[in-house]
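The following paragraphs walk through a few residues and the contacts they make. Please keep the sequence and the model in view while reading.

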Amino acid sequence: CDFGPPDMALISGFIELLDRELSSHPSCKIVLCVDDGRRALTRAVFLIGAYMLLKLDTPADEIPIRFAWLRPSSLEPFRHTSASLPGIPLYPLDCWRALERARALGWVRLP
């Protein structure tokens with residue numbers, strides 16, 4: 001089964017959901033619960049990093065610092081879903097850098 005990075009619709013939905021929660025509870029900490037498993041954790045880490053990049057303007061290369069407490073073995077690399085590049089691992093940092101580049105080119109922006 002393919003395990004690619006979340007698409008823009010999922011990223012956008014996550015950002016909207018997190019913004020609503022933060023607005024509704026401005027003085028509270030928000031806790032994100034994740035299903036068991038490396039894939040679920042990887043997807044959650046990626047989405048939080050995408051929020052940091054797109055909403056908080058955190059540079060892609062600084063996002064991993066926020067997750068330094070995680071063991072690298074806790075995450076599973078995404079797999080490139082292109083038929084021409086099968087089996088190439090994509091790490092969250094690779095995806096954040098691509099998202100950062102897309103934003104710089106004007107291909108990605110928040111509503």
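How many salt bridges does a search of the whole structure find? The search finds 5, where a salt bridge is a side-chain nitrogen of Lys or Arg within 4 Å of a carboxyl oxygen of Asp or Glu. The model is predicted, so local features need pLDDT of at least 70 and side-chain atom pairs count only at pLDDT 80 or more, while totals for chains, interfaces and linings use all residues. Residues are numbered from 1 along each chain as its sequence is written, and side-chain values use heavy atoms, with hydrogens and water left out.

Begin with Glu76, which sits in the loop between α3 and β1 (78–79). Helices (H or I, at least four residues) and strands (E, at least two) are DSSP runs, numbered from the N terminus. Glu76 counts as buried because its relative accessible area is 16%; buried means under 20% relative accessible area, exposed over 50%, and partly exposed in between (1.4 Å probe, protein chains only). Leaving aside residues up to four places away in sequence, Glu76 touches Phe3, Arg38, Arg39 and Thr42, a contact being heavy atoms within 4.5 Å.

One of these contacts is also a salt bridge: the side chains of Glu76 and Arg39 meet at 3.1 Å, N to O. This pair links distant parts of the chain, with Glu76 in the loop between α3 and β1 and Arg39 in helix α2, 37 residues apart. Arg39 is partly exposed, at a relative accessible area of 29%. Glu76 also forms a salt bridge with Arg79, at 3.7 Å from N to O. Arg79 has 30% relative accessibility and therefore counts as partly exposed.

Another salt bridge joins Arg103 and Asp57, whose closest N and O atoms are 3.2 Å apart. Because Arg103 lies in helix α4 (residues 92–104) and Asp57 in the loop between α2 and α3, the pair ties together parts that are 46 residues apart in sequence. Arg103 is partly exposed at 26% relative accessibility, whereas Asp57 is exposed at 55%.

The loop between α2 (38–56) and α3 (63–66) also holds Thr58. Is Thr58 buried or exposed? With 12% relative accessibility, Thr58 counts as buried. Not counting residues up to four places away in sequence, Thr58 touches Met52, Leu53 and Ile63. Asp19 is 39 residues from Thr58 along the chain, and the C-alpha atoms of the two are separated by 16 Å.
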